[in-house]
Amino acid sequence: MKSVYNNITNQVRSLLSSFRIKFIILPLLYAAGVQAQVMDNSRRVDTLSIEERLSLRTNIVDWSLMVPNIGIEYDLRRENWSRYAVNMNLRYRPRTTGTFVRPAVFNLFEMTLEGRMYWRERKAETSGYLRRHDHWWDKLFSCRTMLPSHPQWIFYRGAYISYSDYSLYLRRHNGRDGQALMAGFTWGFVKPFLAFQNGNTVDMEFGISAGMAYTKYDTYVHDNKTNTYPVTGSKGWHIVNYPVVRDLHVAVVYRFGHYPIQKKYRWRYDVDMAYRARTDSIYSARYTGRERQFVRDSLYRVVARDFKHLYDSCVQQRRIERQRAIDARAPRRTTID
């Protein structure tokens with residue numbers, strides 16, 4: 001009995017040691033293929049390829065609800081300072097059939113088109129070109145802050161439109177089967193996560209989408225006798241009178257190419273500097289031109305005044321001399337007593 005116990009103990013110990021070795025080796029092997037992304041502060045302007053402008057995403061929250069989903073995003077311009085992108089997302093949970101009636105029904109088909117604008121936090125200045133916004137409505141969407149707290153995060157905001165075909169039923173509640181058109185706004189941020197040796201990267205995305213819904217549906221219940229879902233009523237197209245949360249983002253984003261997100265969606269440093277220099281030069285030229293024109297006008301007025309005075313003096317003197325000449329040529333008159 002004791003020998004059997006010792007054999008079992010030795011086998012358990014060997015198994016645990018092998019598991020320890022695997023858990024130590026596997027992360028090392030995985031670390032050889034990926035590495036943590038670091039911040040890039042370079043300010044050059046690069047041109048992106050089509051591959052580097054593409055990214056794929058999938059939402060973990062939807063997968064937790066057993067809803068398969070996939071999304072694709074494409075940057076609208078090829079410069080790395082371009083901050084506008086468009087993406088399309090698809091969620092589909094198919095309708096299933098079986099020999100028994102389920103206590104809950106959740107079927108969904110949804111297609112969404114979304115436009116986004118990405119931005120980074122910028123350090124504001126007390127005065128000058130990048131001053132901090134003063135109004136509260138500007139601060140809601142402002143990227144300027146006196147102390148940037150998340151320099152590696154890339155924030156985004158945008159708008160979306162979507163179409164969905166849904167069916168939802170919970171026991172002891174009326175079910176709904178219908179279609180919906182939705183439109184609203186989205187906000188969130190992206191955090192760099194991993195970079196692979198082939199240049200591809202993985203990011204984590206967090207955000208929320210909410211807006212208004214325009215929907216129609218049929219209501220149904222579960223009939224225990226017939227074990228079916230008879231329709232009990234319907235409602236035509238109408239606007240839902242409260243905001244609807246369309247999506248919660250906890251997504252994994254896979255980016256292609258050799259250009260991670262830290263290098264994208266930059267501010268147009270060079271363009272801004274060139275624009276400011278050009279604006280300053282134009283303003284300086286205009287100011288200098290106005291100064292020169294003022295000087296020319298001042299000199300013209302002085303010269304014109306002096307010339308007019310001198311001209312009038314010369315004309316008057318000429319008249320006097322002409323009158324003297326006329327008087328000198330005229331015959332003298334004699335008087336007779």
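Accessible areas come from the Shrake-Rupley method with a 1.4 Å probe, and for residues only the protein chains shown count as cover. On that basis, the accessible surface of the protein is about 23,700 Å², with 62% belonging to carbon and sulfur atoms. This is a predicted model, in which local features need pLDDT of at least 70, side-chain atom pairs count only at pLDDT 80 or more, and totals for chains, interfaces and linings use all residues. Residues are numbered from 1 along each chain as its sequence is written, and side-chain values use heavy atoms, with hydrogens and water left out.

**Fold**
- The protein contains 4 helices and 12 strands, taken as DSSP runs (helices H or I, at least four residues; strands E, at least two) and numbered from the N terminus.
- Of its 337 residues, 30% are buried, meaning under 20% relative accessible area with a 1.4 Å probe, protein chains only.
- Among contacts (heavy atoms within 4.5 Å) between residues at least 6 apart in sequence, 69% join residues at least 24 apart.

**Residue V253**
- V253 lies in strand β12 and is buried, with a relative accessible area of 0%.
- Leaving aside residues up to four places away in sequence, V253 touches S55, L56, R57, T201, V202, D203 and E205.
- Although V253 and V202 are 51 residues apart along the chain, 5.6 Å separates their C-alpha atoms.

**Strand β12 and the pocket lining**
- Strand β12 provides 5 residues, the largest share of the lining of the largest pocket; a pocket is an open set of points on a 1 Å grid over the protein atoms alone where a 1.4 Å probe fits, with protein on both sides within 12 Å along at least five of seven lines, and lining residues have an atom within 4 Å of a point.

Methods. Buried means under 20% relative accessible area, exposed over 50%, partly exposed in between (1.4 Å probe, protein chains only).
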